[in-house]
Amino acid sequence: IVQLYCDSFDQIWCITSSGNVYVYDSKNKIFTLYAPSFIKDKKVSAMFQDSKNNLWFGLDNNSAVMVKSKDAALPTDENEYKTYIGNDGLIGGCDVTSFMEDNNNCIWIGTDRGIFIVDKDDKVHFYTQNNGLIHNAVSTIYRDRENNIWIGTDQGGVQKLTKSRFMSIPTKDTVNCILDDKTKLWIGTDS
């Protein structure tokens with residue numbers, strides 16, 4: 001298992017190392033394979049639910065898919081969806097590693113080549129070390145309770161973004177996850 005995610009409807013999502021997505025059926029107490037056409041035959045690397053209940057999936061074909069979802073029913077092929085790739089700003093060759101929504105409802109997409117931000121107008125912006133990132137290989141992005149944005153990287157360290165200003169904590173470890181428990185910030189690494 002590479003990611004567990006609980007959505008706003010208390011559904012548990014599980015992404016496996018083979019890229020399959022399973023959803024926990026609490027009634028029957030089993031995980032069922034989730035494979036609508038927009039992710040079928042693709043490896044899913046990350047997922048996220050935004051404040052509008054849309055689901056975001058990072059896929060192995062160097063893209064991200066946003067699926068419109070309004071209720072607890074699992075999105076199907078009938079749901080409207082949009083793929084972000086190529087002309088939309090997500091360049092080929094980027095592996096999606098994480099998602100995060102900031103307090104302006106912009107979606108941050110972490111990749112192995114930088115960060116893409118999809119703004120409220122659906123425009124995509126791309127940020128790399130050239131724009132101040134400590135490292136291009138982003139492994140996780142997290143927003144804390146004070147709306148600071150924490151960026152974990154693969155062997156580059158952690159960055160805290162506060163009011164358009166970066167503070168860096170360099171390390172040779174890969175930062176896999178970041179969590180805020182109201183009193184401390186927890187940073188999980190590969191060491």
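Strand E11 (114-118), strand E14 (149-153) and strand E15 (158-162) each supply at least two residues to the lining of the second largest pocket. Strands, meaning DSSP runs of E with at least two residues, are numbered from the N terminus. A pocket is defined on a 1 Å grid over the protein atoms alone as an open set of points where a 1.4 Å probe fits, with protein on both sides within 12 Å along at least five of seven lines; lining residues have an atom within 4 Å of a point.

This is a predicted model, in which local features need pLDDT of at least 70 and side-chain atom pairs count only at pLDDT 80 or more, while totals for chains, interfaces and linings use all residues. Residues are numbered from 1 along each chain as its sequence is written, and side-chain values use heavy atoms, with hydrogens and water left out.

**Pockets**

- The second largest pocket has a volume of about 370 Å³, a volume being the space filled by probe spheres set on the points, which are joined across faces, edges and corners.
- Its lining comprises 19 residues, and Trp108, Ile149, Leu161, Lys163 and Ser164 lie nearest the centre.
- By class, this lining of the second largest pocket divides into 9 nonpolar, 7 polar and 3 charged residues. Ala, Val, Leu, Ile, Met, Phe, Trp, Tyr, Cys and Pro count as nonpolar, Asp, Glu, Lys and Arg as charged, and the others, Gly among them, as polar.
- The largest pocket has a volume of about 820 Å³. Of the 32 residues that line the largest pocket, Gln3, Ser98, Phe99, Thr140 and Ile141 lie nearest its centre.
- Elements giving two or more residues to the lining of the largest pocket include strand E1 (3-6), strand E9 (96-101) and strand E13 (138-143).
- The lining of the largest pocket has 17 nonpolar, 10 polar and 5 charged residues.

- E11 pairs with strand E12 (residues 124-127) in the antiparallel sense over 4 bridges; two strands pair if DSSP finds at least two bridges between them.
- Ile117 has His125 in E12 as its bridge partner.
- The hairpin formed by E11 and E12 has 5 residues between the strands, and Asp122 in the turn has a positive phi of about 70°.
- Asp122 also forms a salt bridge with Lys82, with the closest N and O atoms 2.5 Å apart. A salt bridge is a side-chain nitrogen of Lys or Arg within 4 Å of a carboxyl oxygen of Asp or Glu.
- This pair links distant parts of the chain, since Lys82 is in strand E8 (residues 81-84) and Asp122 is in the loop between E11 and E12, 40 residues apart.

**Aromatic pairs**

- The whole structure has 10 aromatic pairs. Rings of Phe, Tyr and Trp (its six-membered ring) pair if their centres lie within 6.5 Å; planes under 30 degrees apart count as stacked, over 60 as edge-to-face and the rest as tilted.
- The ring centres of Trp13 and Phe57 are 6.2 Å apart and the planes lie at 65°, so this pair is edge-to-face.
- Phe38 and Phe57 form a tilted pair, 6.5 Å centre to centre with 40° between the planes.
- Both Phe38 and Phe57 are buried, where buried means under 20% relative accessible area, exposed over 50% and partly exposed in between (1.4 Å probe, protein chains only).
- Ring pairs link Trp13, Tyr34, Phe38, Phe57 and Tyr81 into a cluster.
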